[in-house]
Amino acid sequence: MLTGALALSACGPGAKSQTVPADLPPLKTMAPFRIGTCVQALHLDDPALAGLVARQVSQLTPEWEMKMEYIVQPDGSFRFDAPDRIAAFARAHGMGLLGHTLVWYAQAPPAFQALDESRIKFVDAYRNYILAVAGRYRGQVVGWDVVNEAVAEDGNGWRDSLWSQKLGAFEHIALAYRTAREADPQAVLLLNDYNLEYNPRKRATFLKLAERLLSSGAPLTGLGTQMHVAADIEPSKIREMMRDLASLGLPIHVSELDISLSEAENKLLSRSDLQRRQAAVYGETAQAFMALPERQRFAFTLWGLRDRDSWLRKAHPTDAPAPFDDAGRPKLGAAALVEAFRG
Ligand code: XIL
């Protein structure tokens with residue numbers, strides 16, 4: 001539970017809305033681990049947003065420009081202009097950079113699909129990609145989401161993809177970790193997935209995959225839980241997930257946290273009920289993370305600081321899932337994060 005006035009306003013039914021203290025300290029100053037957000041290169045051209053990012057966070061995850069969809073061109077060549085800009089911004093501001101993501105079932109660029117295997121073997125093209133990308137950012141990234149969303153939606157087994165078909169269901173995953181390690185001896189190599197709080201079966205499959213990777217000798221060194229959640233989530237689900245993930249002893253990354261109002265299933269809750277729940281869930285998530293042993297707190301990343309920049313706006317134009325409003329003013333969720341990080 002949150003303490004103090006904020007908790008009362010966040011939880012009490014019909015409580016008056018509470019304003020955020022004008023002198024709320026920046027998120028990154030409150031936490032003994034890195035606080036992150038996702039960014040796109042074009043965000044850095046918006047001085048208000050770039051300023052907010054520089055003030056509030058100490059780590060950046062490229063929102064999509066370090067994925068194959070951006071990097072791999074139709075002719076099979078690579079481009080790095082946008083991710084290089086994000087990396088330069090992170091460096092200039094003394095921030096960590098989280099590589100996202102090397103292998104994702106959802107992205108199978110045409111150049112890979114049309115590969116002329118009489119000229120280059122699929123496995124070599126796959127390895128070349130990982131070596132080129134992870135090699136380029138060696139020494140610049142703190143870690144990589146090496147494989148993203150490997151577990152099937154319903155938690156029964158793993159995703160089917162171009163990579164699994166060509167290289168094998170388990171082998172393409174293990175190979176990605178071994179190759180990323182070859183390219184970057186230092187980076188934390190993470191396995192990242194979503195719905196791990198909502199779906200215990202998916203969480204169990206995720207943890208079994210992690211254990212199998214470890215026992216095969218693959219250099220998996222961290223676990224990422226995306227946490228795209230809705231404001232009516234039960235807090236116990238978050239605590240249970242955090243406890244289960246921690247059981248392997250690896251560092252944990254809350255990697256893409258946002259808390260949707262529009263995706264809440266409880267239609268009895270009003271928008272202001274949901275806004276209060278959202279603030280509480282921001283706080284509860286930070287508390288669950290703070291409860292991890294110190295060496296297991298890798299970083300805590302928000303999937304966007306301002307509501308207006310959120311990817312969820314595409315599907316839900318009136319959603320407001322972030323801790324800062326459209327104008328970049330802290331919402332109650334930002335205050336709840338600060339309160340929880342303060343400990
Ligand atoms: C999303 C981005 O936010 C969008 O801008 C992009 O168009 C699609 O991808 N899980 C992930 C992220 O791991 O990479 C996704 O990001 C959100 C879901």
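Analyst: A charge sits over a ring if NZ of Lys or CZ of Arg is within 6 Å of the ring centre and within 35 degrees of the ring normal. The model discussed here is predicted.

User: Over which ring does the charged end of R34 sit?

Analyst: The limit for the distance to the ring centre is 6 Å. For R34 that distance is 5.5 Å, and the ring belongs to F298.

User: How far from the ring centre of Y105 is the charged end of R159?

Analyst: The charged end of R159 also counts as sitting over a ring, that of Y105. Its distance from the ring centre is 4.1 Å.

User: Are the rings of Y126 and W163 stacked, edge-to-face or tilted?

Analyst: Planes under 30 degrees apart count as stacked and those over 60 as edge-to-face. The planes of Y126 and W163 stand at 40 degrees, with the centres 5.7 Å apart, so the pair is tilted.

User: How many residues apart in sequence are the parts that Y126 and W163 tie together?

Analyst: Both residues are buried. Y126 lies in helix α7 and W163 in helix α8, so their pair joins parts of the chain separated in sequence by 37 residues.

Methods
Residues are numbered from 1 along each chain as its sequence is written. This is a predicted model: local features need pLDDT of at least 70, side-chain atom pairs count only at pLDDT 80 or more; totals for chains, interfaces and linings use all residues. Side-chain values use heavy atoms; hydrogens and water are left out. Rings of Phe, Tyr and Trp (its six-membered ring) pair if their centres lie within 6.5 Å; planes under 30 degrees apart count as stacked, over 60 as edge-to-face and the rest as tilted. Helices (H or I, at least four residues) and strands (E, at least two) are DSSP runs, numbered from the N terminus. Buried means under 20% relative accessible area, exposed over 50%, partly exposed in between (1.4 Å probe, protein chains only).
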